[in-house]
Amino acid sequence: MAKTLEDFNREYLSVHTKKENLFWTTYMGVEKDGNLFAKAETEFKSYISDPKHLAEVRDAQQAEDLSPETRAALKGWLAFFDSHAIESESARTLQKELIELESAIFQKRAKLQLFYKNKDGQDTQGSTNVLSTNLAASDNENVRKTSHEALLRLEQWVLSNGFIELVKKRNQFAQALGYQNYFEYRVQKNERMTREELFSILNEFEALTRETCLKHLEHLAREKGKHSILGHNLKFAAAGDAEKQLNPYFRFEKSLEIWMRSFARLGIGYRGATLHLDLFDRPGKYENGFMHGPGPCFYDKDRWQPARINFTSNATPTQIGSGRKALLTLFHEGGHAAHFSNITKNAPCFSQEYPPTSMAYAETQSMFCDSLINDADWLKLYAKDVHGQSVPDEVIRNFLTSDHPFMAFQERSILVVPVFEDRLYSLAESEMTPAGITALARRCEKEILGVDCSPRPILAIPHLLGAESACSYQGYLLAHMAVYQTRSHFERKYGYLTDNPKIGADLATHYWNPGNSLSHRETIQSLTGATLSGRPLAEFCNLGNDALWEKAKQKIEAAARRTSSDETAHLDASIHIVHGAEEIASTTESVSRMWRNFETWIEKNYKADVTS
Ligand SMILES: [Zn+2]
């Protein structure tokens with residue numbers, strides 16, 4: 001007998017939830033037996049990649065008397081399995097070979113050590129994170145120079161340790177599926193766009209921001225000398241100094257309350273979801289923040305199944321900058337969680353985070369939310385020191401303007417990656433040599449960034465190697481574009497963003513409710529009435545500091561005239577703040593009780609310096 005929609009919903013949830021629950025406990029260092037997660041993940045992967053499900057869904061679609069809603073949900077499952085399963089035998093063989101090649105590079109890469117010279121001239125081992133922090137923050141030129149050289153050595157290592165074979169094999173794989181090359185294949189899979197559609201957006205943005213980017217490089221070269229725009233100096237020369245001044249106004253212990261109040265005033269709710277937040281660093285815990293959803297929300301026939309979502313950060317409340325970072329996490333991951341709690345379709349395929357849900361679509365939601373805490377009016381209303389004083393205008397001004405002129409360069413540092421990958425994957429195999437590819441990387445950097453060598457040499461970017469991340473980097477730029485397009489839409493429609501109670505509802509209707517049943521572009525079109533475009537982002541990059549501050553001042557003045565509601569900051573969620581297996585605070589009793597318990601726990605555990 002043919003399967004039904006309910007069968008697919010149930011089967012999927014059983015493998016998904018089991019894997020995600022173990023993912024959380026394992027990554028949080030609570031579950032010590034890593035094999036349990038590995039086993040659940042294998043089970044999950046073999047379920048979603050089994051091509052027989054494609055045939056089963058097609059069978060189910062043949063049933064008579066299917067309602068339009070059921071038909072739409074089955075179409076969703078077809079798109080889901082199509083993103084994970086490969087029907088062509090020859091492509092499946094190539095995919096296996098690809099996985100082997102990729103894992104061989106990763107194993108070798110994990111053993112590779114990178115060295116720079118510390119300020120005393122001693123060889124020091126450093127991860128790529130350490131090297132790039134050195135490039136931005138070390139005031140010792142030799143530290144920066146040797147860090148940059150380490151990245152250039154990494155590029156050559158990549159080129160002589162399997163990357164070129166990987167590129168060739170990826171192209172063969174894409175060609176077996178009927179695409180010209182792997183870049184084209186990924187763009188279609190990730191963004192549901194053709195290569196031409198993608199580049200019409202990217203090229204427009206390139207043309208609009210070129211002058212601003214080059215002007216700022218000239219300015220730096222004039223002010224700080226020609227050597228300041230060399231690869232190892234540029235990030236340091238362009239860096240702003242505003243974080244420290246802001247520090248007293250972002251009190252870690254208040255972050256939870258501020259996040260909830262601000263989201264509630266925006267009209268954001270979680271439709272009864274249960275959220276677990278593990279925010280503090282501790283040994284044995286995974287070192288990167290993330291959000292994931294063990295329980296995707298959906299309507300099970302008529303019964304609403306609220307989402308179950310976890311998110312995490314690695315905060316140490318006593319560190320400088322930790323208060324602002326905590327809020328960024330809460331706004332970013334809380335934005336993801338709001339998205340994945342508000343998908344109101346009738347099957348979990350629409351509300352899970354994996355393809356066909358695109359990274360650009362998901363990041364648009366989180367980055368729109370975290371963009372709000374950089375707004376002058378938001379800062380004025382929410383960021384307060386221990387005496388209840390708001391941030392002085394001068395500090396806001398410095399924060400907004402100190403590295404703004406560098407923004408065009410930074411966005412173009414994302415752009416250079418798809419420009420390079422597109423050209424790399426269309427090279428003839430005979431042109432794929434280490435020297436040829438290195439030269440291509442430098443040419444792209446010169447063309448897009450205007451420098452002889454990027455502070456972050458393209459081939460040292462780890463995304464180029466990973467199966468999921470290769471040829472996907474444009475997603476970050478498309479998300480930035482969408483964020484600014486969304487912001488400018490709301491500014492035009494309502495005049496302001498901070499505490500605007502209509503924003504949550506608009507986002508829910510146009511961006512969140514449809515889940516991945518719409519493409520990223522279709523959601524943008526639905527809200528803004530315009531096609532996805534980099535124009536608003538480019539306009540913001542091109543805004544001079546004086547104009548930027550003028551707009552900011554107007555926002556601050558307008559916000560002072562508005563009155564905002566101060567009801568309970570109930571987000572229609574059951575929220576639990578945990579630290580591994582320990583529960584620190586929760587909304588079980590009341591929201592205000594949770595805030596108090598959170599503050600008390602921080603005071604108790606980080607006594608040293610929570611108030612400064
Ligand atoms: Zn994110």
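Q: Which residue in β7 stands opposite histidine 276?
A: This is a predicted model, in which local features need pLDDT of at least 70, side-chain atom pairs count only at pLDDT 80 or more, and totals for chains, interfaces and linings use all residues. Residues are numbered from 1 along each chain as its sequence is written. Strands β3 (residues 273-280) and β7 (residues 308-315) pair in the parallel sense over six bridges, where strands are DSSP runs of E, at least two residues long, numbered from the N terminus, and two of them pair if DSSP finds at least two bridges between them. Opposite histidine 276 stands, in β7, asparagine 310.

Q: Which residue stands opposite arginine 308 in β7?
A: The pairing of β4 with β7 is antiparallel and extends over four bridges. The residue that stands opposite arginine 308 of β7 is glycine 295.

Q: How many of the eight residues of β7 are buried?
A: A residue is buried if 20 or more other C-beta atoms, placed from the backbone, lie within 10 Å of its own. Strand β7 is largely enclosed by the rest of the structure, because the buried residues among its eight number seven.

Terms used: A residue is buried if 20 or more other C-beta atoms lie within 10 Å of its own, exposed if 12 or fewer, and partly exposed in between; C-beta atoms are placed from the backbone.
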